[in-house]
Amino acid sequence: MVRDVTLGQFYPGNSFIHRLDPRSKILLLIGYLVIIFCTFNYLSLSLVTIFTLFYILISGVSPKIYLKSLKVIIVIVLITSVLNLFYGTGEPIWQWGIISITMNGINRAVFVTIRIVCLILASSCLTFTTSPTDLTDAIESLLKPIAKIHFPVHEVAMMMTLALRFVPTLLEETDKIMQAQKARGADMDSGNIVTRVKAFIPILIPLFVSAFRRAYDVATAMECRCYHGGAGRTRMKVLHMTKRDAAAFAVVALMISGVIVCNMMFPAVM
Amino acid sequence: MEFISAQNVCFSYSEIEDGKKAVNAVDGVSLDIKKGEFVALLGHNGCGKSTMAKHFNAMLVPDSGKVYVDGDDTSDEDKTYDIRRKVGLVQQNPDNQLVASIVEEDVAFGPENLGVPPQEIRLRVDEALKAVDMYEYRKNAPFKLSGGQKQRIAIAGVLAMQTECIVLDEPTAMLDPNGRNEVMSTLIKLNKKKNMTVVLITHYMDEAVLADRVVVMDNGRILTQGKPEEVFSQVELLKKHRLDVPQATELAYKLRGCGVKIDRLPLTTEDCVSMLEEVLG
Amino acid sequence: MSKILELRDLSYVYGMKTPFEKKAVDKVTLSIEKGEFIGIIGHTGSGKSTLVQMLNGLIRPTGGQVLLDGTDIWEKPKEIRKIRFRVGMVFQYPEYQLFDETVYKDISFGPKNMGKSGDELDFAVRKAAEFAGLKDELLNKSPFDLSGGEKRRAAIAGVIAMDPEVLILDEPTAGLDPMGRELLLSQIMQYHRERKNTVLLVSHSMEDIARVADRIIVMNNSKLEMFETTKKVFSHGRELEKIGLRVPQITRIMSILKDKGYDVDDGSLNVGDALMQITALLKKEGKIW
């Protein structure tokens, strides 16, 4: 049923990572993502892998949930790694007709797989440990500098906030409309693709109408509460960087230097 | 001392429909609301009561006539946010009032817009949530709450702006009886304990009975006004305009029609019972 | 008289076999006669919405049966749509389901899904519009141009047009003003009188229920609390209050009088009824003539 879908996979908790400033988390994630793609030999790759396991363990979210987040992309990972396996250059170590596998191909497959998996795990860690509102606030705060070049930072953040607020409401509404049309004999489960798409018209139109009506209402409500854009606006929750954030930055900086050292000490395989 | 003063307000939504000139939604309404008063605006859909409500916080400005809030003219654009801070408006649909996905952040929205310093917002939010008995829900997501709870949060959102007056446009129309009771008792508490001025727009006469003064609107004009017992004793007038009267009042009115001597028409169940006891002896 | 609906140990559990398992409807057994007007009351979360959605197969029970005219509605799960045509369901705020270009087309959505066409379809649509009190000239308008009350009636017509044997209305008067409520309620009563089919009305308004219902189903905590004639249910004022329901003001007044020893009926449902009893008492004592 539609109403079972919950948006944002935030798992409330009190771990070290949960308590980091969301801005730190975003910046650290970006640094980490860059470094994943700068691993050129197996030593630096294993360093990153170990670090990945480390933050998963201290994030206070069950590893099972991380595995679930991988399930969704398993197919993409498999396809890319298999493609990489066969597109290597150099001496083939195994050949069958036009299909050949080279050492380079194997290396590429391993690196691509681990990099994608780490990328997904790290992004999941961010969304698992940070509430959507905190994320929005952090993005707004980080993007503030580009507001100077007239990028509508506040407006974009406000839109995200409203979207987060209304997605569950609209999902519930979709469910209600579907039930109502089913009660009038709407058949959404049979027929060819054209009839199925057509069957959604009686659901989509009321949904759009209602979304517009809501938008109008919400705009009025916001105006009544003195909303007049981002200028002169304060926030109740002020984001604070603490010692904890400094520690996190230090740990990631160490890992990054470790990766660079490994890259320099040993020959690159990629 | 008049807190809100509407003087001969006329307003029409300018669209011209079917070639006919649009009729005035509000047609010459004069109404004064005192500080600390609890006023109910009663009437059918389309009688102009909602249009009137939007005049009280400068969401609409009269075509002719004037509205003053605490001495400020609502048509003065420099005063708009001042007026909206003083007069909060809560509307009908509980789902469409709340803008943030966490209760306390929603309540903070108003003061944030006003540029209140963060520590002070925190204090105001906590106080406002306590005033509507929703403090323990401060970390919840609004969409999981009941309609009555959502409306109470909307009221808290208004309180956090430190308003002096709350205007509510049919706040209970989409609620179940429990939700209606929650909202009504919150309003009465705010009015009695915090001397909050309350303007309640409703079509439920059992809610209007609880006000200090009832103003009945019809066709963009004020039909009658006064204390609840004065207004509801005009049974014939109300019936003619197809408005409800409390069953207690109707019974007494009909008994009077049968020749029973009744001085004062009752509004509540208790009044009616003691009136009947007196009559029956 | 014959039974049109029969519920046997009807149950529904949300989130079966998950940590969030919650009983919504718990072993409800009752039967409804053809042509009855049934009121359904209970506070929010008492299970009444889930109950009515099981009656037309929108929700499949997790236990027990719904018999429509003697046959289990889930006997052939593939043909459950046919059941929905026979048991019409009007949801709360039904105007939010309007979607087509014209009112006429919107009303014809249901009967068309049944396979009706041509004159038969036209007749069904016009008859339904008439029952709902929609004037002919409204039929060619866009449903989004109607007034609130008209939208509501157009949506109800969309269900009536399927000519169901049982019509279920969930809070049809919610959010309407007294005039709109009055109009819609009398339209529903007239429909019931003329079509002579079974109507189930879910409502929070005890005054509305008192006016229309022959019998009342009281739901509490997902269980069937009472199923009695309207008069009898409302004479249990105290029990109703205990489960968070109230009785109409007039009923309450009369039952207090009865408690004080006056010879009146504690199941009085409307002002006229109460007036007659009071004047009868007064006449007996010679206070009026």
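**Close-ups of a predicted three-chain assembly: legends**

**View 1. The two domains of chain C.** In this predicted model, chain C splits into domain 1 (3–236) and domain 2 (248–289), with bounds taken from an automatic or database domain assignment. Residues are numbered from 1 along each chain as its sequence is written, chains are lettered from A in the order in which they are written, and side-chain values use heavy atoms, with hydrogens and water left out. The centres of the two domains, taken over C-alpha atoms, are 35 Å apart.

**View 2. Where domain 1 of chain C meets domain 2.** Seven residues of domain 1 are in contact with eight residues of domain 2, contact meaning heavy atoms within 4.5 Å. About 620 Å² is buried between these domains, and carbon and sulfur atoms give 65% of that area. Buried area here is the accessible area (1.4 Å probe) that two parts lose on being put together, summed over both. Two salt bridges are counted between the domains, the rule being a side-chain nitrogen of Lys or Arg within 4 Å of a carboxyl oxygen of Asp or Glu. C:Lys231 and C:Asp273 meet in a salt bridge at 3.9 Å, N to O. On the domain 1 side, the elements that give two or more residues are α8 (206–212) and α9 (230–234) of chain C; helices are DSSP runs (H or I, at least four residues), numbered from the N terminus.

**View 3. The interface of chain A and chain C.** Take a look at the 17 residues from chain A and 22 residues from chain C that make up this contact. The two chains bury about 1700 Å² between them, with 60% given by carbon and sulfur atoms. In chain A, the residues that lose the most area to chain C are A:Gln179, A:Ala183 and A:Arg184, together 40% of what that side buries. Two salt bridges cross this interface, and A:Arg184 meets C:Asp106 in a salt bridge at 3.0 Å, N to O. On the chain A side, α7 (153–183) and α9 (201–224) each give two or more residues, and the largest share, seven residues, comes from α7(A).

**View 4. The interface of chain B and chain A.** Here 38 residues of chain B are in contact with 28 residues of chain A. The buried area is about 3200 Å², 54% of it on carbon and sulfur atoms. B:Asn96, B:Glu112 and B:Asn113 supply 20% of the area that chain B buries against chain A, more than any other three residues. Six salt bridges are found across this interface; in the one between A:Arg235 and B:Glu112, the closest N and O atoms are 3.2 Å apart. From chain B, α2 (80–86), α3 (103–113) and α4 (118–131) each supply at least two residues of the side that touches chain A. With 10 residues, α3(B) gives the most to that side.

**View 5. An aromatic pair in chain A.** Over all chains, the count comes to 13 aromatic pairs. Rings of Phe, Tyr and Trp (its six-membered ring) pair if their centres lie within 6.5 Å, and planes under 30 degrees apart count as stacked, over 60 as edge-to-face and the rest as tilted. The rings of A:Tyr11 and A:Phe128 have centres 5.2 Å apart and planes at 85°, so this pair is edge-to-face. The pair links distant parts of the chain, 117 residues apart: A:Tyr11 lies in the segment before α1 (22–36) of chain A, and A:Phe128 in helix α5 (residues 103–129) of chain A.

Conventions: This is a predicted model: local features need pLDDT of at least 70, side-chain atom pairs count only at pLDDT 80 or more; totals for chains, interfaces and linings use all residues.
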